Amino acid sequence: MIICAISIFIICLSVIFLLIENKKEEKRIIIILEILDSDRDKWWFGQQIINASDKELVAGFVYVYLGKMLNQGLVESKNEVFTDCKLNGLPRNLYRITTKGTHLKVKSSEKSSFTFPFLSKKPKPVARSKS
């Protein structure tokens, strides 16, 4: 009886934890989409997105979510090689919001109960466009 009660309690805590984590993920994704949408024609570095977030985002999250968003067609990416900085000759990924990403951002701001369909799914390998 006690083991059953403990098991139910652990399951309930797990569900609550997953709900909280999904809300945090949604908030981070919305922040990224809002930043990218602030200048739709601009190509952004991951670090620029982090800096524009006023410390609400950190590198570990940004690149994971950019990969998920890239797989879903919410952002597009391109590689660019820079020769005028410390990363001389190293390719960097740049990101820009797509029309689909803009529509999803608008939809998420209209509905308080909106959830991103790709959350909690294991991300697929990121396909990068060559430019």
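Student: Where is Ile-6 found?
Tutor: Ile-6 is found in helix α1. Helices here are DSSP runs of H or I with at least four residues, strands are runs of E with at least two, and both are numbered from the N terminus. This is a predicted model, so local features need pLDDT of at least 70, side-chain atom pairs count only at pLDDT 80 or more, and totals for chains, interfaces and linings use all residues. Residues are numbered from 1 along each chain as its sequence is written, and side-chain values use heavy atoms, with hydrogens and water left out.

Student: Which residues form a nonpolar patch on the surface?
Tutor: Ile-2, Ile-6 and Ile-10 do, and together they have about 310 Å² of accessible area. Patch members need over 30% relative accessible area and no salt bridge; nonpolar side chains (Val, Leu, Ile, Met, Phe, Trp, Tyr) are joined within 5 Å, like charges within 9 Å. The areas come from the Shrake-Rupley method with a 1.4 Å probe, and for residues only the protein chains shown count as cover.

Student: OK, zooming out. What does the secondary structure come to?
Tutor: Four helices and three strands. From the N terminus on, the order is α-β-α-α-β-β-α.

Student: And how much of the chain is buried?
Tutor: Buried residues are 33% of the 131 in the chain. The chain exposes about 8800 Å², with carbon and sulfur atoms supplying 60% of that.

Student: What order do the strands take in the sheet?
Tutor: The order is β1-β3-β2, in an open sheet with antiparallel pairing. β1 (44-45) and β2 (75-81) are at the edges with a single partner strand each, so one side of each has no neighbour in the sheet. Two strands count as paired if DSSP finds at least two bridges between them.

Student: How many bridges join β1 to β3?
Tutor: Two, with β3 covering residues 91-97. Trp-44 has Tyr-95 as its bridge partner, and Phe-45 has Leu-94.

Student: And how many join β2 to β3?
Tutor: Seven, again with the strands running antiparallel. Among the residues bridged to β3 is Val-75, whose partner is Ile-97.

Student: Which helix packs on the sheet?
Tutor: Helix α3 (residues 59-71), which touches β2 and β3; its direction makes about 115 degrees with that of β2. Axes are lines fitted to C-alpha atoms, for helices over the stretch in contact, and angles run from 0 to 180 degrees between N-to-C directions. Contact itself means heavy atoms within 4.5 Å.

Student: Switching to charges. How many salt bridges does the structure hold?
Tutor: Four. Each needs a side-chain nitrogen of Lys or Arg within 4 Å of a carboxyl oxygen of Asp or Glu. One of them joins Lys-27 and Glu-56, at 3.5 Å from N to O. Lys-27 is in helix α1 (residues 2-37) and Glu-56 is in the loop between α2 (46-52) and α3, so the pair ties together parts 29 residues apart in sequence.

Student: Which salt bridge involves Arg-96?
Tutor: Arg-96 meets Glu-76 at 2.9 Å, N to O. Glu-76 is in strand β2 and Arg-96 in strand β3, 20 residues apart. Glu-76 is partly exposed, at 30% relative accessible area.

Student: What about Lys-78, buried or exposed?
Tutor: Lys-78 counts as buried, at 18% relative accessibility. Its side chain meets Glu-80 in a salt bridge of 3.4 Å, N to O, and Glu-80 is partly exposed at 29%.

Student: Last topic, that loop again. What does Ser-53 contact?
Tutor: Ile-31 and Ile-35, leaving aside neighbours within four places in sequence. Ser-53 lies in the loop between α2 and α3 and is buried, with a relative accessible area of 3%. Ser-53 and Ile-32 are 21 residues apart in sequence and 7.8 Å apart in space, C-alpha to C-alpha.

Key:
Buried means under 20% relative accessible area, exposed over 50%, partly exposed in between (1.4 Å probe, protein chains only).
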